[in-house]
Number of protein chains: 4
Amino acid sequence: MIIVMRPDAAEVEIEHVIERIRGAGLEPHVSRGVKQTIIGAKGDETALRSLPLEATAGVEKVVPIMKPWRLASRAFRPEGSVVRVGEVEIGAGAFAIAAGPCTVETRESLLETARAVSAAGARLLRGGAFKPRTSPYDFQGLGEEGLKLLAEAREATGLAVVTEVRDLRHVELVARYADCIQIGARNMQNFDLLKEVGAARKPVLLKRGMAATVKEWLMCAEYILAEGNPNVILCERGIRTFEDSTRFTFDVSAIPNAKHESHLPVVADPSHAAGHRHLVAAVACAAVAAGADGLLVEVHPRPEEAVCDGGQALLPADFERLARQVEAVRAALAPVGV
Amino acid sequence: MIIVMRPDAAEVEIEHVIERIRGAGLEPHVSRGVKQTIIGAKGDETALRSLPLEATAGVEKVVPIMKPWRLASRAFRPEGSVVRVGEVEIGAGAFAIAAGPCTVETRESLLETARAVSAAGARLLRGGAFKPRTSPYDFQGLGEEGLKLLAEAREATGLAVVTEVRDLRHVELVARYADCIQIGARNMQNFDLLKEVGAARKPVLLKRGMAATVKEWLMCAEYILAEGNPNVILCERGIRTFEDSTRFTFDVSAIPNAKHESHLPVVADPSHAAGHRHLVAAVACAAVAAGADGLLVEVHPRPEEAVCDGGQALLPADFERLARQVEAVRAALAPVGV
Amino acid sequence: MIIVMRPDAAEVEIEHVIERIRGAGLEPHVSRGVKQTIIGAKGDETALRSLPLEATAGVEKVVPIMKPWRLASRAFRPEGSVVRVGEVEIGAGAFAIAAGPCTVETRESLLETARAVSAAGARLLRGGAFKPRTSPYDFQGLGEEGLKLLAEAREATGLAVVTEVRDLRHVELVARYADCIQIGARNMQNFDLLKEVGAARKPVLLKRGMAATVKEWLMCAEYILAEGNPNVILCERGIRTFEDSTRFTFDVSAIPNAKHESHLPVVADPSHAAGHRHLVAAVACAAVAAGADGLLVEVHPRPEEAVCDGGQALLPADFERLARQVEAVRAALAPVGV
Amino acid sequence: MIIVMRPDAAEVEIEHVIERIRGAGLEPHVSRGVKQTIIGAKGDETALRSLPLEATAGVEKVVPIMKPWRLASRAFRPEGSVVRVGEVEIGAGAFAIAAGPCTVETRESLLETARAVSAAGARLLRGGAFKPRTSPYDFQGLGEEGLKLLAEAREATGLAVVTEVRDLRHVELVARYADCIQIGARNMQNFDLLKEVGAARKPVLLKRGMAATVKEWLMCAEYILAEGNPNVILCERGIRTFEDSTRFTFDVSAIPNAKHESHLPVVADPSHAAGHRHLVAAVACAAVAAGADGLLVEVHPRPEEAVCDGGQALLPADFERLARQVEAVRAALAPVGV
């Protein structure tokens with residue numbers, strides 16, 4: 001950690017900061033410049049992080065040097081992690097697509113979709129039983145009934161199931177039916193929910209919050225890892241910006257960025273980011289070319305009847321084409337590397 | 001609701017949309033232009049909102065006309081709502097300041113702060129017992145012990161207590177000690193938590209999410225109102241933008257904007273938005289001049305010892321000056337109106 | 001255009017809007033709903049756009065229906081445009097990479113770079129002679145001397161030259177040396193400069209402004225097209241968001257989005273967006289997988305000596321690898337489509 | 001400047017950085033930590049800023065310490081600057097309001113507006129003769145004819161004239177008629193235009209770019225100051241964010257922030273930021289309460305006939321009320337300070 005003192009900092013203020021650094025068990029390293037004094041603190045920054053040095057008299061700014069994450073850092077497992085969802089591997093070279101409806105609607109529709117995406121190459125089935133909705137008057141999901149239908153679709157197709165948990169009291173319930181528990185973007189910093197899924201035995205797919213930096217996203221993964229669950233998959237799904245022709249702005253750089261900083265697998269959800277069916281395939285291919293370890297894609301046999309987000313759902317035939325494009329991109333990049 | 005058809009929409013597609021509108025119990029109103037056909041739907045839009053018309057063949061875009069909120073709308077109570085926190089009134093002309101530390105630390109420090117802010121004119125005491133922290137390794141609050149200290153400070157000073165609930169299992173616990181339950185920015189769209197506080201008997205202070213539009217913020221208030229709790233106070237606390245010299249960008253327009261759309265009181269938290277002590281008073285005065293019904297201000301007797309966010313905490317003497325400035329602005333605007 | 005009247009609009013206000021629509025030569029189409037009246041205007045919206053209907057008493061909002069661009073629209077040339085830069089074709093299936101230093105520095109360094117990128121497959125040479133710099137004290141480019149060096153490098157390698165014009169008095173000068181005139185992101189809405197390059201006989205590469213929507217970007221292309229220059233290439237280079245681990249947020253969706261709305265070729269600049277060398281190749285591959293018609297990549301033989309932006313410049317060997325990756329992605333997607 | 005080396009930086013890389021710092025005439029100060037080495041550079045950072053140290057092998061990041069501005073810094077003139085526009089003073093306690101139409105339309109309308117705003121307390125007349133418009137098909141202003149009308153209105157009312165220059169070839173022309181030259185938000189980083197107005201003898205009102213940080217805004221002021229024109233007024237007018245219920249997000253914190261960093265006066269344009277008439281007064285009062293040295297307000301006698309931006313223009317009577325509110329806020333804060 002580096003503490004930059006104000007140009008007008010008094011000697012006593014400088015001494016006080018030095019003392020506090022020593023008091024926290026670190027070694028101060030003072031550099032008195034022409035205009036201002038800079039103090040480095042050698043040792044474990046964590047001890048300093050809880051001291052509000054920036055609130056101390058005479059301090060202009062505090063520059064942390066160490067990355068705040070540990071278990072999530074690439075250095076923790078340089079070769080990268082593979083997360084196993086049911087029998088499907090994701091990460092460190094292993095790639096898989098999850099596809100399915102935004103929300104589970106009827107048994108027939110879900111089975112039809114599951115069969116279609118399975119035939120097209122998906123290895124996982126996605127679909128919400130508990131939906132976070134902007135309006136309290138909108139359909140909020142089938143609840144446990146939806147989870148049962150997902151499990152039935154798994155029986156029928158062999159697809160592993162990914163589904164969202166919204167309420168921390170439902171973690172155990174969702175874990176009973178799902179192969180992978182999804183944390184939605186709106187709950188990325190619901191820290192108590194993170195702790196609950198950290199204690200669960202199932203892998204967790206952690207969507208990036210719509211206003212979260214890559215750094216904050218990794219810190220949320222750290223919450224789950226710190227509770228003892230090593231099976232975290234990161235999912236980029238678009239961030240909020242001024243651009244209004246897409247639902248969110250898909251931050252494609254976040255994929256190589258997160259993989260550079262962390263050993264965790266990173267997958268992408270092109271559907272929620274794009275928000276329009278005609279943009280989904282291009283964003284999906286881009287994510288894969290940027291190194292994504294997997295995709296979450298919304299597919300619906302009859303989007304115009306979808307209970308939610310029909311405008312971004314692909315038809316099974318569109319999905320089948322997307323799956324082939326993605327496969328082509330992966331095959332092309334395999335020998336040259338991403 | 002207005003449905004704009006694509007210029008190349010087929011007659012059968014137009015007919016299909018008309019039929020769906022009729023099927024939902026609304027009356028279609030068709031306007032065939034030179035380039036494209038536009039279809040209005042007369043009646044209760046809510047019925048249409050669950051139909052994914054934008055996913056229907058031939059549709060270019062769907063333009064909702066009605067505002068999505070009901071109980072939160074200004075029309076619901078044109079004169080504005082007064083929310084009573086303990087014995088303190090907020091809204092429709094009544095104004096109050098909540099002040100206190102970011103997080104409850106020690107009994108002595110809390111009582112000292114409470115006495116100081118009370119003497120300076122604050123009517124409410126703010127302070128966290130359950131803190132949402134970016135890092136799992138940071139101090140997360142004293143929990144119930146913190147709530148007890150807050151209650152003790154209320155006894156000692158007469159200040160009403162506002163404190164955050166983070167975990168929906170703690171709503172009942174927090175409500176037992178607090179006069180007003182705060183929902184933090186990161187939990188604004190934690191819909192299950194909103195439902196829980198909607199069922200509580202205490203008023204709720206709902207902070208705006210850092211990536212939430214005013215519209216989404218009001219919809220979250222609607223979640224609470226729809227559960228039967230009419231006592232919601234909105235709190236603007238800054239949004240996330242590219243500007244990095246402040247912690248968040250305080251959206252001052254959101255105050256008159258939310259008050260225009262809704263009858264609910266709107267207060268402001270200048271401390272978290274500014275993130276730097278030297279900017280807090282100016283932002284606070286701005287919020288009041290824009291019509292805020294109250295303020296939440298962080299105050300700490302020794303910011304350099306604060307467990308969190310010391311850099312933005314005011315000293316009691318600074319707070320006392322801020323309270324006088326705010327009072328002057330309010331007095332000045334009373335005869336001419338905000 | 002659709003005019004939504006306020007629920008409390010008076011009959012005389014409704015009549016007045018109807019009259020104004022008629023006065024502008026359009027046909028009003030009135031739909032009186034239960035809560036509010038909606039008025040459609042059939043005919044050429046352009047006539048209405050200059051009327052401030054939203055400022056008219058009783059009007060709640062105005063919803064334009066027609067896209068504001070004409071010459072830039074996909075409908076104007078559904079098959080897509082090919083722009084010829086020197087002898088290099090870009091667009092409608094033709095793809096090319098421009099590479100080179102951020103700014104032209106020395107003759108030796110430029111020729112070395114030009115030869116290296118040409119050998120690796122680049123068809124165009126990029127490099128600034130007039131640099132827009134945040135600080136007035138930073139190096140602003142070699143000016144005409146830089147243009148001469150670029151022309152010499154073209155002679156030596158056969159690469160076509162793309163370089164930025166910043167000052168509208170230099171358009172003729174830059175056009176004399178360059179094969180393609182670049183408009184930088186900071187000048188995207190410098191409308192007088194757009195008009196000048198619209199009158200030039202050379203193709204124009206129009207970078208997207210860092211706060212510009214896709215819509216505004218296309219309107220700026222329209223400015224150039226409307227002056228009679230049909231050879232416009234759009235360039236996505238990242239937008240400004242809260243994410244601070246990259247220099248800008250590369251908006252990969254903007255590529256398929258702009259190509260959907262417009263017939264103009266769209267290329268990508270992954271270097272400025274990423275801002276860090278280790279992210280450039282992934283963003284470049286993503287852009288190509290999303291359908292980009294070309295790339296602008298910063299390459300420097302010794303980045304640590306670069307006068308500007310060395311941190312994002314690729315070494316020639318890195319660029320050579322990137323060019324092979326990009327070629328692989330293109331070859332893979334050719335049979336399945338982007 | 002502080003150079004943080006990567007944890008895996010080789011000794012030779014560390015030595016190389018030390019050498020480069022020495023080569024630039026600064027004194028290196030090395031601190032070898034447990035995990036990584038940090039190198040401080042004592043002396044004038046400017047010399048280092050042109051070295052791409054972040055592109056040097058082994059470097060993780062570079063942290064500048066000194067502020068990049070000089071002439072614009074508060075330290076340059078701690079008491080604050082007063083800028084004189086005609087006979088009106090702005091800054092360091094002096095306050096003034098500029099009001100008028102978005103664009104100059106007719107002689108009658110302009111004179112009517114000028115008289116009304118003058119009577120209500122405005123000291124300056126604002127109005128565009130050269131308008132930057134998103135569409136090439138929209139009205140672009142009356143040009144010199146508009147300047148003449150502004151000068152005539154000045155004769156008639158005594159108001160000083162503020163008007164925008166868009167094309168750098170018009171600086172001399174605009175300066176002939178105007179008392180203050182405005183640089184619009186879209187041209188904030190049109191550096192050649194900044195240099196031209198830096199060479200003019202008239203004061204310059206520099207609007208903040210819609211995606212510009214406060215830091216970048218001050219650097220643009222530095223461009224003008226460095227050319228020898230000391231009379232720069234900064235103008236906050238809203239930034240681009242995801243919030244779409246206002247035209248831009250008025251960044252009220254930028255006012256105290258810019259005044260803290262710089263001695264230049266800071267005024268506010270609430271009209272363009274709010275974009276809706278009913279929000280303008282609240283934003284104006286907020287700006288003044290936050291310490292603004294003046295306001296730019298759009299006023300039109302018949303907004304529904306305004307050629308542009310009628311939706312945000314105040315009626316003269318509304319403006320008169322706003323002027324009284326603003327005066328009340330200023331009077332209230334005078335004794336207690338802003």
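1. Copies of a chain are superposed here by least squares on the C-alpha atoms of residues with pLDDT of at least 70 in both. On that basis, chain A can be laid on chain C by a turn of 180° and a shift of 0.0 Å along the axis, with an RMSD of 0.0 Å. This is the relation of a two-fold axis. A:Ala286 is the residue of chain A that comes closest to the rotation axis, its C-alpha lying at 1.9 Å.

2. The model is predicted: local features need pLDDT of at least 70, side-chain atom pairs count only at pLDDT 80 or more, and totals for chains, interfaces and linings use all residues. Residues are numbered from 1 along each chain as its sequence is written, while chains are lettered from A and ligands numbered from 1 in the order in which they are written.

3. Chain A and chain B each put 38 residues into their contact (two residues are in contact if their C-beta atoms, placed from the backbone, lie within 7 Å). On the side of chain A that touches chain B, the elements giving two or more residues are helix 6 (191–199) and helix 7 (214–226). Helix 7 of chain A gives the most, with five residues. Helices are DSSP runs of H or I with at least four residues, numbered from the N terminus.

4. Of the interface residues of chain A, 100% are also interface residues in chain C, so the copies meet through the same surface.

5. Chain A is assigned domain 1 (2–63) and domain 2 (74–336), with bounds from an automatic or database domain assignment. The C-alpha centres of these two domains of chain A lie 44 Å apart.
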